[in-house]
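These are my notebook entries on a structure that I had not examined before. I set down what I looked up, entry by entry.

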Amino acid sequence: MNTRPDMKLLLFNLSALVDLGQAVTSAKEYADRMKTALYVITGMFSIPRAALFVYDAERHDLACVTSKGVSALTDARLSHDASDLEGMPHNEPVTVRSIRDTGWFKQNAEILGRIDATVIVPLYAREEFIGTIVLGPRLSSSRFLRTERDVLQVASHQIATAISNARLFAQHAEQSAENRRLYENMRGIYHDTIRAFSTAIDAKDQYTKHHSFRVGNYAAAIAHELQWPNNEVEAIYVAGLLHDIGKLSLDVDLINKEDPLTPQEWEKIKRHAEVSYHIVAKIRLPWREVPTYIRHHHERPDGNGYPDALPGRDLSEGAKILALADSYDAMTTDRPYRVRLSPSQAIEEIRRCGGTQFDARISSVLFRLIERDQAEKTPPLPVVRHTASETAMPLAMDPPWRIDA
């Protein structure tokens, strides 16, 4: 069966349009995509010389993105005369002969002459001027048929849309980068403020300097070992920094009292978890679970903790982690009523209280971290750095978490 010549041309053009669609939507770099697109169009119509110009809104002219068969067009720019260009049909070929008397042609005659331009196609996407394709003469010296003009119009629309999308993507990427930078700056200020609170908390107790920092880091190390997502690890870290903020309401002499506490004094001390919760709950933190972690950091699996005496099944994993981190640091630092325990002694004490005061599974994670660090002769637990010069969030760093206490 023979295929009519016009049918062959139609099939060829359809195939070329498919190739063009693949070219402008490929994963190649923008310049490579535009070059391929121009070569597809010139191949469709046997045009040896051509160039693609894109409108530069800042300079109000058109920059050459890619060309074929013409040397030294890399930095070429066409002037932009809106009164002339905007009167031309969108994405349709216009003969140079019909625009020789326009101001736009006269301003750009030198560059158009180097291309030996015979046809230009003003490119538009979403009614926005994008640029223009400048085509030289065809090898056959024949005019464009009506069907060929239709194909060229479709191809031009594809290129215009691709350029517009690339431009929008670049603008969004630029805006995203700026938003990210602003976010990181705000995040740094935010965490510096939280650290300042932690410093104020710890300053009230002469025996527990950097306690809040260590608790935050121990809790973060455990959560990371449990493969929590980074934002949740960050949440437990912040909870550790702020877990004792309620102690700011207590008298310094009561916090540092060396003699045994009276029942009334002990009740005042115990209220700090609830006070901490109410303070932090009023802060618009980006982690909803932080106030609850803080409220329950003195609860126990056996239900004998405070302030709510919740059993283990009603406690979140975060609350159990924070309770263990707080107790471990309390055991391994000097207190008014006793000297500190060694890491191995603290492990034995936590083991003894497993299932009653501490969650056994989370305790086993802490033991693993301590034993690993002792074997590697590093500090008791990996922790997060917090130097005075840092403004970025510590947990944005790669693990292991570290702190210079």
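This is a predicted model: local features need pLDDT of at least 70, side-chain atom pairs count only at pLDDT 80 or more; totals for chains, interfaces and linings use all residues.

Entry: salt bridges.
I looked up the number of salt bridges and found 18 in the structure. I then examined several of them one by one.

I began with Glu 349 and Arg 352, whose side chains meet in a salt bridge at 2.6 Å, N to O. Both residues belong to helix 14, which covers residues 343-352, and they sit three residues apart, about one turn of the helix. Glu 349 has 27% relative accessibility and therefore counts as partly exposed. Arg 352, at 60%, counts as exposed.

I noted next that shared partners link Asp 56, Arg 59, Asp 61 and Arg 77 into one network of salt bridges.

I turned to Glu 267 and Lys 270, which form a salt bridge with their closest N and O atoms 3.6 Å apart. Why are they separated by about one helical turn? I found that they are three residues apart in helix 10, residues 263-270. Glu 267 is partly exposed at 39% relative accessibility, and Lys 270 is partly exposed at 21%.

I also checked Asp 244, which forms a salt bridge with Lys 247; the closest N and O atoms are 3.6 Å apart. Is Asp 244 buried or exposed? Its relative accessible area is 3%, so I recorded Asp 244 as buried.

Entry: helix 7.
I compared the length of helix 7, residues 211-225, with expectation. At 1.5 Å a residue, its 15 residues should span 21 Å, and its end C-alpha atoms are 21 Å apart, which agrees. I recorded the helix as mostly covered, since 13 of its 15 residues are buried. After helix 7 comes Gln 227, with a positive phi near 65°.

Entry: nonpolar cores.
I looked up the largest nonpolar core, which has 43 residues; Ile 222, Ile 236, Val 290, Ile 321 and Ile 350 touch the most other members. Among the helices that each supply at least two residues of this core are helix 6 (146-203), helix 7, helix 8 (230-242) and helix 14. For Val 290, I set aside neighbours within four places in sequence and found contacts with Ala 235, Ala 239, Val 280 and Leu 285.

Notes:
Residues are numbered from 1 along each chain as its sequence is written. Side-chain values use heavy atoms; hydrogens and water are left out. A salt bridge is a side-chain nitrogen of Lys or Arg within 4 Å of a carboxyl oxygen of Asp or Glu. Buried means under 20% relative accessible area, exposed over 50%, partly exposed in between (1.4 Å probe, protein chains only). Helices (H or I, at least four residues) and strands (E, at least two) are DSSP runs, numbered from the N terminus. The expected span of a helix is 1.5 Å times one less than its number of residues. A nonpolar core is a set of buried Ala, Val, Leu, Ile, Met, Phe, Trp, Tyr and Cys residues joined through side-chain atoms within 4.5 Å. Contact means heavy atoms within 4.5 Å.
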